[in-house]
Amino acid sequence: MSTIEDLIQKARHLRSEGHSPGQIADELSLSMETVTWLLTQEKGASTPKDVHIDWTSVSGDAVLLHESSMMLMSRYRMMQPEGSSPTALVGISISGIPLATLMAASEGSRLAIYHPSKHSIAETPMGSMSGNFGITPGDKCVVVDDVITTGETLREVVAYLKSHGATPLACCVLFDKRGIREIEGVPVYSLFRISRID
């Protein structure tokens, strides 16, 4: 378990390496609010209530990562009706990409990559689909990420897919820190739900 001081040091190191606050939030599996607090340590600001998930022992091991992605795919298949095979697996940058890649390979589906707005450095941040790994109108998509922290990124991706003529079938994540069961009518399937008890 990381101490607050460990997380502060990790956040500062990532910032010194050029990571945006959104990327730091993804790397540490924390909310933007928590990352802002870690980086600024504002006087009088209360410590945000959050849960840090360190899954580097799995994410850094190709065999364990493959097995985790197959568990996610199995969870999707168990929950979805027969005949709802995806034509594209959409990996949310960065941690959702390796999971979606392995899931797409197992399904014989295409891989798409979504860059969330929180990673954007534009004056008006917005999310975007990769030009090389995109979707097409009519695609049936499963969105893949590692952690739901607030659900905002998944909402963003679901809205993007719908506005570009694709149908989001489900969102699959390893860890759900909010207990979210659906986003904009799209079911959310997680392997683990994390609950904070104060």
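Let me start with serine 95, which, leaving aside its neighbours within four places in sequence, is in contact with Trp55, Asp145 and Asp146, contact here meaning heavy atoms within 4.5 Å. What you see is a predicted model, in which local features need pLDDT of at least 70, side-chain atom pairs count only at pLDDT 80 or more, and totals for chains, interfaces and linings use all residues. Residues are numbered from 1 along each chain as its sequence is written, and side-chain values use heavy atoms, with hydrogens and water left out.

Serine 95 lies in the loop between S1 and H6, where helices (H or I, at least four residues) and strands (E, at least two) are DSSP runs numbered from the N terminus.

In H6, Gly96, Ile97, Leu99, Ala100, Met103 and Ala104 are buried, that is, under 20% relative accessible area with a 1.4 Å probe, protein chains only. These residues cover an arc of only 160° around the axis, so they sit on the same side of H6, the arc being that of the directions from the helix axis to the C-beta atoms. They pack against helix H5 (62-79) and several strands, including S1 (88-92) and S4 (140-148). After H6 comes glycine 108, with a positive phi near 70°.

As for the whole protein chain, it has seven helices and seven strands, and buried residues make up 46% of its 198 residues.

Key:
Buried means under 20% relative accessible area, exposed over 50%, partly exposed in between (1.4 Å probe, protein chains only).
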